[in-house]
Amino acid sequence: MRYPLQLVKKSIFLLLTGIVLVSILFACTSTQPDPQKSGNGRITIGTTSTIKTLDPADAYDQLTGNIHFNTLERLYTYKPGTTELVPQLATAMPKASADGLVYTIPVRTGVRFHDRTDFTAESMAFSLRRFIQLKGAPSFLLSDVIKSVRSNNDARELIVTLKQPFPLFPKLLAFTGAGAISPLAYGGSGNKDFFPKQIVGTGPYQLAQYVEGNLLRLDAFPDYWGQKPANRGIDIQFLSSNANLLNAFKTGAVDVAFQTLSPTQIHSLETNAAQQGWTVASNQGATMLFMVLNVAQPPLDNIKVRQALAAAMDRPLLQERVFQGQRVPVYSLIPATLSAYRPVFQNLYGDGNAKLARQLLTKAGYSDDRPVKISIWYTPKYAGNGDLVASTLKAAIAKSVGKILQIKLEKVDQTVAYAFIDKGAYSAFLLDWVPDSFDPDNFTYPFLLCEEADRNGCTKGGSQYFGSFYNNPEMNQLLAQQRLEQDPVKRDRIFAKIQDILGRDVPFIPLWQNREYAFARPGVKGVAIEPTQQLPYSSIHKT
């Protein structure tokens with residue numbers, strides 16, 4: 001993503017505005033229960049997450065992404081239970097011109113926005129143009145690729161012209177923020193303002209009430225074009241801590257607990273689920289947890305120091321002691337669930353390889369009497385418990401590697417961190433990343449690309465925005481090359497080279513891949529976590 005504000009998508013922000021949280025399980029063909037016969041037909045969901053803005057042109061955090069997934073609808077989405085791209089507001093997959101520059105997309109008719117205006121190809125064009133032109137946090141996803149967007153005369157087809165061929169383009173149209181919004185509600189084409197307090201899409205719910213920092217109520221949208229929800233509405237209860245969320249779930253104050261409980265709390269709920277009648281919904285997530293290294297700042301400007309730090313990481317130890325099996329070690333920025341994955345860090349450095357770490361540091365001129373000192377920064381909610389993760393990591397390094405490598409832990413609020421990380425304020429930082437699309441490009445291009453550089457490192461591009469400042473011309477060339485390669489086998493070979501260079505240069509250290517969880521009270525059915533890490537709401541109901 002691009003980037004400090006987009007980092008981690010993921011971020012916990014100040015609650016600045018009201019939100020709309022809805023859900024749709026697209027393309028579900030099963031018969032939905034009648035909400036009239038299911039208690040009061042409403043579902044209460046508890047969360048500790050907060051959001052900065054609801055505007056799809058500016059929002060770039062995980063919870064708002066889930067809100068957009070459920071409230072807005074896009075040209076394409078993912079088939080439930082898979083990462084297979086399927087039409088949503090489009091009626092078919094796009095047709096590309098012979099040169100790969102022009103995409104023609106047929107769109108649905110008979111769809112209405114929440115303000116009762118009609119959805120057309122022109123309103124979709126408006127939505128995408130606005131997403132690009134307002135230059136909000138996620139705008140680069142489309143602005144880097146799209147040259148122009150227009151509808152044809154009968155407003156039933158969308159014509160998108162790209163700046164250069166990009167075979168992955170349809171996947172970008174499934175990004176949660178690239179949804180259709182009402183031109184009337186968003187001020188038309190001449191408006192240049194963000195609307196952080198509203199969401200007016202085509203989804204199955206409409207906003208009924210919002211009490212800032214406390215409660216959000218959604219009612220079913222009566223004119224929804226697709227399958228109706230299995231509930232009358234959704235009540236979102238905002239809680240100040242994971243302890244409060246856990247208590248609200250156990251006492252029945254909320255029906256569903258979602259984002260975010262600590263690993264210890266998750267383990268406790270899983271252990272007692274059968275006895276208590278709770279439902280555990282989980283899925284292997286695509287969130288990557290990693291460490292970013294500032295290659296422009298001593299001592300991490302020394303490649304041997306970076307390699308030594310990579311060798312010192314003991315992923316299985318934290319998987320067992322901190323994460324209790326809820327996150328799995330990963331040895332590349334590309335997740336293990338994709339075919340392009342290569343465990344380069346495991347092959348080069350292993351885990352907790354103290355002997356190799358000491359050898360590398362000795363070659364770099366350090367010793368027990370002259371140790372290397374590295375500050376590792378983190379945020380309190382990192383991986384559910386930043387303090388525990390960071391302290392365990394430090395203790396493991398000290399025990400195995402010894403005095404030659406001394407770690408100092410620095411804690412910082414997320415909002416402050418993301419405002420300064422691209423300024424070079426931090427030597428090393430623990431971060432996480434939720435992808436925009438499920439392709440290896442989205443796990444490499446935003447991190448490793450450098451568009452401009454000087455003798456001090458990258459001055460413009462993904463590596464600068466993430467605070468690494470890494471620049472490698474060969475890497476830049478390979479990243480551009482994979483975006484043009486249409487043969488999947490050849491493309492995976494390019495990614496193998498990218499990962500080899502990543503492992504050698506170590507501008508980032510991949511650590512773990514997550515699991516996403518939601519917990520439901522007895523009698524609450526239809527709760528499921530998608531492989532995309534989204535939680536659909538319209539399938540949830542009470543029996």
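Helix α7 (303-312) is largely enclosed by the rest of the structure, because 8 of its 10 residues are buried. Here, buried means under 20% relative accessible area, exposed means over 50%, and partly exposed lies in between (1.4 Å probe, protein chains only). Helices (H or I, at least four residues) and strands (E, at least two) are DSSP runs, numbered from the N terminus. The structure is a predicted model, in which local features need pLDDT of at least 70, side-chain atom pairs count only at pLDDT 80 or more, and totals for chains, interfaces and linings use all residues. Residues are numbered from 1 along each chain as its sequence is written, and side-chain values use heavy atoms, with hydrogens and water left out.

The pLDDT is the predictor's confidence in each residue, from 0 to 100. For this protein the mean pLDDT is 89, and 92% of the residues reach 70 or more. Over residues 1-31, pLDDT stays under 50; the model has 150 contacts for this stretch beyond four places in sequence. A contact means heavy atoms within 4.5 Å.

The buried residues of α7 are Val 305, Arg 306, Gln 307, Ala 308, Leu 309, Ala 310, Ala 311 and Ala 312. At the N-terminal end, α7 is capped by Asn 302, which has a side-chain oxygen 2.9 Å from the backbone nitrogen of Lys 304. Such a polar contact is a pair of N or O atoms within 3.5 Å; within protein, one must be able to donate a hydrogen and the other to accept it, and residues adjacent in sequence count only if both atoms are side-chain atoms.

Helix α1 (residues 62-71) is also mostly covered, with 9 of its 10 residues buried. These are Leu 63, Thr 64, Gly 65, Asn 66, Ile 67, His 68, Phe 69, Asn 70 and Thr 71. The strands β2 (76-78) and β11 (256-258) are what the buried residues of α1 pack against. The cap at the N-terminal end of α1 is Asp 61, with a side-chain oxygen 3.3 Å from the backbone nitrogen of Leu 63.

Several loops contain backbone features of note. Gln 259 and Thr 260 are joined by a cis peptide bond with omega of about 5°, and Thr 260 is found in the loop between β11 and α6 (263-276). The peptide bond from Pro 298 to Pro 299 is likewise cis, with omega near 0°; Pro 299 lies in the loop between β12 (279-293) and α7. Arg 116, although not a glycine, has a positive phi of about 75°. Arg 116 is placed in the loop between β5 (102-106) and α2 (121-133) and is partly exposed, with a relative accessible area of 32%. Lys 135, also not a glycine, has a positive phi of about 55°. Its loop runs between α2 and α3 (140-143), and at 69% relative accessibility Lys 135 counts as exposed.

Gly 277 is in the loop between α6 and β12 and is partly exposed, with a relative accessible area of 36%. Leaving aside neighbours within four places in sequence, Gly 277 is in contact with Arg 521 and Pro 522. The C-alpha atoms of Gly 277 and Leu 511, which are 234 residues apart along the chain, are separated by 34 Å.

Grid points are joined across faces, edges and corners, and a volume is the space filled by probe spheres set on the points. The second largest pocket holds about 310 Å³ of space. Its lining has 19 residues, of which Leu 168, Lys 171, Asp 439, Pro 488 and Arg 491 lie nearest the centre. At least two lining residues come from each of α4 (169-172), α15 (473-484) and α16 (488-505), and α16 gives the most, with 3.

The whole structure has 6 cavities of 30 Å³ or more. The second largest cavity contains about 160 Å³ of space and is lined by 16 residues, with Leu 141, Leu 172, Asp 441, Asn 442 and Arg 483 nearest its centre. Two or more residues of this lining come from each of α3, α4 and α13 (445-448).

Key: 1 Å grid on protein atoms, 1.4 Å probe; cavity = no way out; pocket = protein on both sides within 12 Å on 5 of 7 lines; lining within 4 Å.
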